[in-house]
Amino acid sequence: MVNQSDILKSINAALCEITDPELPCSIVDLGLVEDVRIHKGHTAIITLLPTFSGCPALDMITNDVTKRIEDLPQIKSCRVDWIFNPAWTTDRISEAGRASLKAHGVTVAKHEDQLENQVPLTTSVIACPFCKSNQTRLDSPFGPTRCRMIYYCEACQNSFEHMKRLDV
Amino acid sequence: MTNAMDMMLNDLEALLVLKLADDKLFLGHIQSDWTGLGPILEEDIASSSMAQDDLSHALVLYEYLGSRFSIDPDVLAYERLPSQYLCCDLVTVPDDFDWAKALIRRWFFAHYAAPVLDQLALFNDSDLVERCRRLRAEESLHISYLNDWMQRLSSGSKEAIVRLQNAIDFMSDDARMLFELPGMILNVDRPSFDGREELFNEWSSSTHEILSTTNLKTNITLPTTTVKGGRNGVHADHFIAQLTEMNEVRCKDPGAAW
């Protein structure tokens with residue numbers, strides 16, 4: 001008989017290898033994985049949190065997770081549930097995730113930073129990921145995906161992306 | 001199926017959810033017409049992103065209703081009779097690709113959707129509450145972005161102000177009908193159930209907070225309860241045109257999937 005905690009370990013390891021389709025970060029580091037359960041010994045139930053309700057990558061992530069987990073020898077089937085409670089926030093992104101995002105020019109608010117429901121238009125609270133200057137401004141509160149905004153650095157004249165942090 | 005639909009359309013709480021879902025479905029649809037046509041690149045992306053949000057908000061609400069009444073969310077979105085849609089004319093009236101009209105429509109609507117979501121988040125149903133709280137946080141981004149445009153344009157050129165005012169005048173009658181409620185909700189013997197006046201007051205005060213810093217004027221009052229419009233399934237011709245366009249693929253190839 002296979003130990004249930006061993007199965008959970010192999011599921012978690014597999015989830016760590018699944019990259020978000022739109023960000024250079026695994027879904028675990030991004031904080032999407034809320035719960036992993038085994039039902040009747042060989043059915044995996046993975047509970048995930050969407051970043052934004054309109055994220056078009058949700059179906060792709062569902063497929064990636066289902067396929068990867070069902071490939072595990074101990075698992076016969078996998079179900080993915082998306083829930084809204086708890087709400088995903090940028091606070092869920094791990095340090096490793098933050099480092100990987102930053103290396104790709106995407107910044108993430110620190111826990112103590114102000115919330116962005118009220119989008120600051122001219123403040124420069126976010127340091128440029130390339131040159132670390134604080135001479136940055138919001139260029140557009142809407143970016144290439146629903147969870148990102150576009151900032152511009154006056155110092156090094158680069159655009160960069162910032163993960164939105166909402167008060168949920 | 002028909003029974004499930006009838007049950008939903010006779011459920012007072014469900015109707016409050018459905019009218020917002022229908023508004024968002026049609027707003028997201030008509031707003032998508034602007035993709036590729038925004039006046040500047042950032043606005044093009046913003047406008048398309050907000051349309052994407054509205055469509056997904058409609059889906060999140062249809063999924064809630066679908067799970068409660070055992071109806072496929074796609075059937076809710078695409079396969080009702082025109083008289084069973086409860087959206088108001090504001091979200092289907094053509095903007096003639098006048099960007100001022102598109103902006104005013106979205107601005108009027110975002111200030112309305114936020115307090116509706118606040119109301120729905122007070123219901124005694126954790127599934128609905130969790131969904132609405134999430135959508136409400138996303139709606140805040142729309143409001144803040146659209147307010148910013150209103151303030152920038154209204155402090156801009158004379159032409160910008162004239163065009164905004166014309167757009168406000170054009171959209172006002174339809175904006176007023178946001179606050180129409182399905183007859184059965186109005187007739188219900190629970191005075192505070194509809195929340196109609198509270199909604200209107202909140203909408204008025206949050207829109208006037210912005211307008212008071214500009215030279216723009218509105219004159220919108222709560223519609224009388226005898227006027228019947230979209231919330232009671234009585235739609236203008238442009239609603240049918242939008243519905244037909246939206247359903248085209250579904251009608252040609254029922255059950256098609258990406």
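In the predicted model described here, strand β6 (residues 148-153) of chain A and strand β7 (residues 159-163) of chain A are joined by 5 bridges and pair in the antiparallel sense. Strands (E, at least two residues) and helices (H or I, at least four) are DSSP runs, numbered from the N terminus, and two strands count as paired if DSSP finds at least two bridges between them. Within this pairing, A:R148 has A:M163 in β7(A) as its bridge partner. Both strands belong to an open sheet of 4 strands with the order β4-β7-β6-β5 (chain A) and mixed pairing. The edges are taken by β4 (106-108) and β5 (136-140) of chain A, each of which has a single partner strand, so one side of each is left without a neighbour in the sheet. From one strand to the next, the twist of this sheet averages 40°.

Residues are numbered from 1 along each chain as its sequence is written, while chains are lettered from A and ligands numbered from 1 in the order in which they are written. Because the model is predicted, local features need pLDDT of at least 70 and side-chain atom pairs count only at pLDDT 80 or more, whereas totals for chains, interfaces and linings use all residues.

Chain A also holds an open sheet of 3 strands in the order β1-β2-β3, again with mixed pairing. Its edge strands are β1 (33-39) and β3 (77-82) of chain A, each pairing on one side only. The twist averages 15° from one strand to the next. Strand β2 (residues 43-48) of chain A runs parallel to β3(A) and is joined to it by 6 bridges; A:T47 has A:D81 as its bridge partner in β3(A). Helix α1 (residues 4-16) of chain A lies across β1 and β2 of chain A at about 140° to β1(A). Helix α2 (residues 58-70) of chain A lies across β2 and β3 of chain A, at about 150° to β3(A). Angles run from 0 to 180 degrees between N-to-C directions, and axes are lines fitted to C-alpha atoms, for helices over the stretch in contact.

In chain B, the axes of helix α5 (residues 99-120) and helix α9 (residues 196-211) come within 9 Å and cross at roughly 140°. The two helices are therefore oblique to each other (angles under 35 degrees count as roughly parallel, over 145 as roughly antiparallel, 65 to 115 as roughly perpendicular and the rest as oblique). Their crossing is right-handed, meaning that the near helix is turned clockwise from the far one by less than a right angle. B:H111, B:Y112, B:P115, B:V116 and B:Q119 in α5(B) meet residues of α9(B) that include B:L199 and B:W203, contact being defined by C-beta atoms, placed from the backbone, that lie within 7 Å. The axes of α5(B) and helix α7 (residues 158-176) of chain B come within 8 Å and cross at roughly 50°, and this crossing is also right-handed.

The contact between the chains takes 22 residues from chain B and 18 residues from chain A. On the side of chain B that touches chain A, α3 (41-69) and α6 (126-154) each supply at least two residues, and α6(B) gives the most, with 12 residues. The predictor gives the complex an ipTM of 0.83 and a pTM of 0.91. For chain B, the mean pLDDT (the predictor's confidence in each residue, from 0 to 100) is 94, and 100% of its residues reach 70 or more.

Definitions and conventions:
Two residues are in contact if their C-beta atoms, placed from the backbone, lie within 7 Å.
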